[in-house]
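Have the structure open as you read.

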Amino acid sequence: MTPVQTHRSPTALDLPTGAGHPGTTELRVGDDMTVEVALSVMAGADVEYLLLCDGDDERTGSVTRAELVVHRDSSAYTDRVRLRDVLGVPWPVAGPAALPL
């Protein structure tokens, strides 16, 4: 039988943060993941944010579920939008302030 070699998955859980929550883990994903897949991962893992990493596993930022939902509901959204594409994009203001007068 051939031994199986394992590699770190781009969606692997990091070690606990230790920021006052000893059992808390942070979910790191590749920044090439689509918004739809990221929202699905967040729902399945029951997390409110993801840490984003590039191809070299270097952290490039973070994104919240609320930010992704706002972006997904915008008119500029397509199902091909990657997380790296939404980093630094200004989010539309929700509520009455966003409505034209």
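## A salt bridge to start with

Glu48 and Arg65 join their side chains in a salt bridge, with 3.8 Å from N to O. Glu48 sits in the loop between α1 and β2 (49–53) while Arg65 belongs to helix α2, so this pair ties together parts that are 17 residues apart in sequence. Arg65 counts as partly exposed, at 22% relative accessibility; the cut-off for buried is under 20%. Bear in mind that this is a predicted model.

## Where α1 meets α2

Arg65 also turns up in the contact between α1 and α2. How do these two helices pack? Helix α1 (residues 35–45) and helix α2 (residues 65–72) lie at an angle of about 145 degrees, their axes 10 Å apart, and the crossing is left-handed.

On the α1 side, the contact is made by Val35, Glu36, Ala38, Leu39, Met42 and Ala43. Helix α2 brings Arg65, Leu68, Val69 and Arg72. Sorted by class, that gives 7 nonpolar residues, 3 charged ones and no polar ones.

## The other bridges

Arg72, one of the α2 contact residues, has a salt bridge of its own: its partner is Asp73, and the closest N and O atoms are 3.6 Å apart. Arg72 is partly exposed, with a relative accessible area of 30%, whereas Asp73 is exposed at 54%.

Then there's Asp31 with Arg84, another salt bridge, where the closest N and O atoms are 3.4 Å apart. What does this pair tie together? Asp31 lies in the loop between β1 (28–30) and α1, and Arg84 in helix α3 (residues 83–86), so the bridge links parts that are 53 residues apart in sequence.

## The whole chain

Zooming out, the protein has 3 helices and 3 strands. Along the sequence they run β-α-β-β-α-α.

Of its 101 residues, 26% count as buried. The protein exposes about 7100 Å², and carbon and sulfur atoms supply 56% of that. As for contacts between residues at least 6 apart in sequence, 36% of them join residues at least 24 apart.

Key: Residues are numbered from 1 along each chain as its sequence is written. This is a predicted model: local features need pLDDT of at least 70, side-chain atom pairs count only at pLDDT 80 or more; totals for chains, interfaces and linings use all residues. Side-chain values use heavy atoms; hydrogens and water are left out. Axes are lines fitted to C-alpha atoms, for helices over the stretch in contact, and angles run from 0 to 180 degrees between N-to-C directions. Helices (H or I, at least four residues) and strands (E, at least two) are DSSP runs, numbered from the N terminus. A crossing is left-handed if the near helix is turned anticlockwise from the far one by less than a right angle, and right-handed if clockwise. Contact means heavy atoms within 4.5 Å. Ala, Val, Leu, Ile, Met, Phe, Trp, Tyr, Cys and Pro count as nonpolar, Asp, Glu, Lys and Arg as charged, and the others, Gly among them, as polar. Buried means under 20% relative accessible area, exposed over 50%, partly exposed in between (1.4 Å probe, protein chains only). Accessible areas come from the Shrake-Rupley method with a 1.4 Å probe; for residues, only the protein chains shown count as cover. A salt bridge is a side-chain nitrogen of Lys or Arg within 4 Å of a carboxyl oxygen of Asp or Glu.
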